Amino acid sequence: MSRSVKKGPYIDQKLLKKVLKQKDAKGGEPIRTWARSCTIVPEFISHTFMIHNGKGFQRLFVTDDMVGHKLGEFAPTRVFKSHGGVKKKGAPRG
Amino acid sequence: MPRIAGTDIPADKRIVVALTYIYGIGRSLSQKILKDLNIDEGIRAKDLHEDQLSSVGVYIERNFSIEGHLRRQETQNISRLKSIGSYRGMRHRFGLPVRGQRTKTNARTRKGRKKTVAGKKSVKELG
């Protein structure tokens, strides 16, 4: 079930504060965050984040297409080890 | 055979059913359209008035996207997910279920026919 519209999108307030601070300062280090469930809002565009995936951090540069998604969608928590056959092929792509 | 909204040619069925032959229109949407236009659901498609037909066509085109347009929208949405590198896009790319279903068993619609793995223990042997 999707989130009630009344509440508005979930935004991690501390993270938003950090982003706005960086915006004033014009650039800076990528922001490390564990707030995977935080919705990407327009303020985040063209900022770089390091999103925790349970083990390490995944770098993400936010573009305007990503607005409305959650940060966690861009840092997979599982690794897919492909089944190695006799012929070794690269991971399926495209 | 009457034509509605461009290329679609529904048969001589009741108009509620005939409309569902259009891609993007299901039973409930079809009912809603006819109700909004005050057309009886039970009339056969061939018995509809010329102006009734055109009013349905115009109404659909104005309010909903159907057929080719809808299909294009869908593929665009999917390719958007892929290009931004989101989790859902990845699932589309790998041909796995996108909405969190289990993949230990089932998920055959997305994964295609079963590929038998040599040397894998069957359930019988384990039990």
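Which backbone nitrogen lies 3.1 Å from a polar atom of the side chain of A:Asp12? The backbone nitrogen of A:Leu15 does.

This is a predicted model, in which local features need pLDDT of at least 70, side-chain atom pairs count only at pLDDT 80 or more, and totals for chains, interfaces and linings use all residues. Residues are numbered from 1 along each chain as its sequence is written, chains are lettered from A and ligands numbered from 1 in the order in which they are written, and side-chain values use heavy atoms, without hydrogens and water.

A:Asp12 sits in the segment before helix H1 (13–25) of chain A; helices (H or I, at least four residues) and strands (E, at least two) are DSSP runs, numbered from the N terminus. A:Asp12 is buried but has no salt bridge, and the nearest side chain of opposite charge, A:Lys14, is 7.2 Å away. Buried means under 20% relative accessible area (1.4 Å probe, protein chains only). A salt bridge is a side-chain nitrogen of Lys or Arg within 4 Å of a carboxyl oxygen of Asp or Glu; Lys and Arg count as positive, Asp and Glu as negative, while His and the chain ends are not counted. Apart from neighbours within four places in sequence, A:Asp12 is in contact (heavy atoms within 4.5 Å) with A:Ala35 and A:Cys38.

Chain A as a whole follows the pattern α-β-β-β along the sequence.

| Chain A | Value |
|---|---|
| Secondary structure | 1 helix and 3 strands |
| Buried residues | 32% of the 94 residues |
| Contacts between residues at least 6 apart in sequence that join residues at least 24 apart | 43% |

Notes: Buried means under 20% relative accessible area, exposed over 50%, partly exposed in between (1.4 Å probe, protein chains only). A polar contact is a pair of N or O atoms within 3.5 Å; within protein, one must be able to donate a hydrogen and the other to accept it, and residues adjacent in sequence count only if both atoms are side-chain atoms.
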